[in-house]
Amino acid sequence: VWVMTQRQHKRMMKEMKHESMEMKDTSMTMGKDMHGMKHDDMKMDKATKETMMKGTHHIMLNVTDVTSGKDITEASANVLILSPSKKNVSVDLKPMMNNCFGDGLTLDEKGEYQFTVNVKVGGVSKTTQFRYLVK
């Protein structure tokens, strides 16, 4: 799971569109699955692309079978976000390409957010949690 500012996301998309994906900003960690991705591989309509760019941040999730290493494309994912002021919001992540899901987020409070990511594959749900700090 990657959470980044929309500024970082836009820069990443621009770099993906133009050549290689060399991330110069060390505050954003990209997994090996992100390297070599082509912008053109992200087939989605204009409205979906616009929602991905909304808000202050962007979240991306790759779904892969840990045993075989193969991409899982038939999945659904959502994230429950608990803000520093203890407000909850749930976001359904949209398919972006192959095994990648994402959406735009609004993280407008400074402080630590808690994310609970739920992925459903073949009727089986998996959950993971992590924290993200907005300075």
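These are my notebook entries on a predicted model of one protein chain.

**Entry 1: ground rules**

I number residues from 1 along each chain as its sequence is written, and I take side-chain values from heavy atoms, with hydrogens and water left out. Because the model is predicted, local features need pLDDT of at least 70 and side-chain atom pairs count only at pLDDT 80 or more, while totals for chains, interfaces and linings use all residues.

**Entry 2: the whole chain**

I looked up the secondary structure and found two helices and seven strands. Helices (H or I, at least four residues) and strands (E, at least two) are DSSP runs, numbered from the N terminus. Along the sequence the pattern reads β-α-α-β-β-β-β-β-β.

I then checked burial. Buried means under 20% relative accessible area, exposed means over 50%, and partly exposed is in between (1.4 Å probe, protein chains only). Of the 135 residues of the chain, 40% count as buried. The accessible surface comes to about 8,400 Å², by the Shrake-Rupley method with a 1.4 Å probe, where for residues only the protein chains shown count as cover. Carbon and sulfur atoms hold 50% of that surface.

I looked up contacts as well (heavy atoms within 4.5 Å). Among contacts with a separation of 6 or more, 62% are between residues 24 or more positions apart.

**Entry 3: aromatic rings**

How many aromatic pairs does the structure hold? I found two. Rings of Phe, Tyr and Trp (its six-membered ring) pair if their centres lie within 6.5 Å; planes under 30 degrees apart count as stacked, over 60 as edge-to-face and the rest as tilted.

F115 and F130 have ring centres 4.8 Å apart and planes at 5°, so I noted this pair as stacked. F115 is in strand β6 (residues 111-121) and F130 is in strand β7 (residues 124-134), so the pair ties together parts that are 15 residues apart in sequence. F115 has 0% relative accessibility and counts as buried, whereas F130, at 22%, is partly exposed.

F115 also pairs with Y132, edge-to-face, at 6.4 Å centre to centre and 85° between the planes. Y132 lies in strand β7 and F115 in strand β6, so this pair ties together parts 17 residues apart in sequence. Both F115 and Y132 are buried.

**Entry 4: salt bridges**

Side chains of opposite charge can pair when their charged atoms come close. I counted a salt bridge where a side-chain nitrogen of Lys or Arg is within 4 Å of a carboxyl oxygen of Asp or Glu. The structure holds two.

One joins K94 and D103, with the closest N and O atoms 2.6 Å apart. Are K94 and D103 buried or partly exposed? K94 is partly exposed at 25% relative accessibility, and D103 is buried at 6%.

The other salt bridge is between R131 and E112, at 3.5 Å from N to O. This pair links distant parts of the chain, with R131 in strand β7 and E112 in strand β6, 19 residues apart. R131 is exposed, with a relative accessible area of 52%, and E112 is partly exposed, with 43%.

**Entry 5: N99**

Where is N99 placed? I found N99 in the loop between β4 (88-97) and β5 (100-105). Although in a loop, N99 is buried, at 5% relative accessibility.

I looked up its polar contacts next. A polar contact is a pair of N or O atoms within 3.5 Å; within protein, one must be able to donate a hydrogen and the other to accept it, and residues adjacent in sequence count only if both atoms are side-chain atoms. The N99 side chain makes one with the side chain of T64 at 3.1 Å and one with the side chain of D71 at 3.2 Å. Not counting residues up to four places away in sequence, N99 touches L61, N62, V63, T64, D71, I72 and T73.

T5 is in strand β1 (residues 2-5) and is partly exposed at 25% relative accessibility. Leaving aside neighbours within four places in sequence, T5 is in contact with T56, H57 and H58. T5 and H57 are 52 residues apart in sequence, but their C-alpha atoms are 4.0 Å apart in space.

Q6 is in helix α1 (residues 6-17) and is buried at 5% relative accessibility. Q6 and G55 are 49 residues apart in sequence and 7.3 Å apart in space, C-alpha to C-alpha.
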